[in-house]
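Subject: Structure handover

Dear colleague,

Here is the structure I said I would pass on. My notes on it follow below.

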Amino acid sequence: MSEQRNMISSNYNQPSNLPNATAVLVLGIISILGGLCYGVLGLICGTIALILANNDRKLYNSAPELYSSASYGTSNSGRICAIVGLCLGLLWVVFFIVIAIFFGSLSWEAMRHAR
């Protein structure tokens, strides 16, 4: 009977995982893939992942003994992936804007010379 009490009480002393650590990692990976394929998806998922990662970071810094360091590492990895995904997404969006301006100015010049 005392062994059961020790097992039950030992589970209460273990630190728990951060609430959004897995979600941050998944969104960070999706932001990299979205940033590589189509910039807007990378921007959206990366922004959400960064917000969740900052919330987890605040939770961990307020009481590090309550949360496991492994979940903090998972959240931090997702944060890094989100930053990479945001950068890739921004590059694609800037690229599309430059291309739109370039071809828009070409078509404007073609219309102006056609008159």
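Tyrosine 38 counts as exposed, because its relative accessibility is 51%; buried means under 20% relative accessible area, exposed over 50%, and partly exposed in between, with a 1.4 Å probe and protein chains only. Before the rest, two notes on the source. This is a predicted model, in which local features need pLDDT of at least 70 and side-chain atom pairs count only at pLDDT 80 or more, while totals for chains, interfaces and linings use all residues. Residues are numbered from 1 along each chain as its sequence is written, and side-chain values use heavy atoms, with hydrogens and water left out.

Overall layout

The protein chain has 4 helices and 0 strands, and along the sequence the pattern reads α-α-α-α. Helices (H or I, at least four residues) and strands (E, at least two) are DSSP runs, numbered from the N terminus. Of the 115 residues in the protein chain, 24% count as buried. The accessible surface of the protein chain is about 7900 Å², and 69% of that belongs to carbon and sulfur atoms; areas come from the Shrake-Rupley method with a 1.4 Å probe, and for residues only the protein chains shown count as cover. Among contacts in the protein chain with a separation of 6 or more, 78% are between residues 24 or more positions apart, where contact means heavy atoms within 4.5 Å.

Aromatic residues

What does tyrosine 38 pair with? A search of the whole structure gives 6 aromatic pairs. Rings of Phe, Tyr and Trp (its six-membered ring) pair if their centres lie within 6.5 Å; planes under 30 degrees apart count as stacked, over 60 as edge-to-face, and the rest as tilted. The rings of tyrosine 38 and phenylalanine 96 have centres 6.4 Å apart and planes at 45°, so this pair is tilted. Tyrosine 38 sits in the loop between α2 and α3 and phenylalanine 96 in helix α4, so the pair ties together parts that are 58 residues apart in sequence. Phenylalanine 96 has 39% relative accessibility and therefore counts as partly exposed. Another of the pairs is phenylalanine 102 with phenylalanine 103: the ring centres are 5.3 Å apart and the planes are at 70°, so the pair is edge-to-face. Phenylalanine 102 is in helix α4 and counts as partly exposed, because its relative accessibility is 46%. Tyr38, Trp92, Phe95 and Phe96 form one aromatic cluster.

Nonpolar surface patch

Tyr38, Val40, Ile44, Ile48, Phe95, Phe96, Ile99, Phe102, Phe103 and Leu106 make a nonpolar surface patch of about 950 Å². Patches are made of residues with over 30% relative accessible area and no salt bridge; like charges are joined within 9 Å and nonpolar side chains (Val, Leu, Ile, Met, Phe, Trp, Tyr) within 5 Å. A salt bridge here is a side-chain nitrogen of Lys or Arg within 4 Å of a carboxyl oxygen of Asp or Glu. Helices α3 and α4 (69-114) each supply at least two residues of the patch, and α4 has the largest share, with 6 residues.

Nonpolar core

The largest nonpolar core consists of 7 residues: Val24, Leu27, Cys45, Ala49, Leu52, Ala53 and Ala82. A nonpolar core is a set of buried Ala, Val, Leu, Ile, Met, Phe, Trp, Tyr and Cys residues joined through side-chain atoms within 4.5 Å. The elements giving two or more residues to this core are α2 (21-37) and α3 (39-62), and α3 gives the most, with 4 residues.

Alanine 53, in helix α3, counts as buried because its relative accessibility is 2%. Leaving out residues up to four places away in sequence, alanine 53 touches Val24, Ser75 and Arg79. With the same exclusion of residues up to four places away in sequence, cysteine 45 touches Leu27, Ile30 and Ser31.

Two further residues

Isoleucine 30 lies in helix α2 and, at 33% relative accessibility, counts as partly exposed. Isoleucine 30 and cysteine 81 are 51 residues apart in sequence, and their C-alpha atoms are 8.7 Å apart.

Serine 71 is in helix α4; its relative accessibility is 5%, so serine 71 counts as buried. Apart from neighbours within four places in sequence, serine 71 is in contact with Ser16, Asn17, Leu18 and Ala21.

Regards
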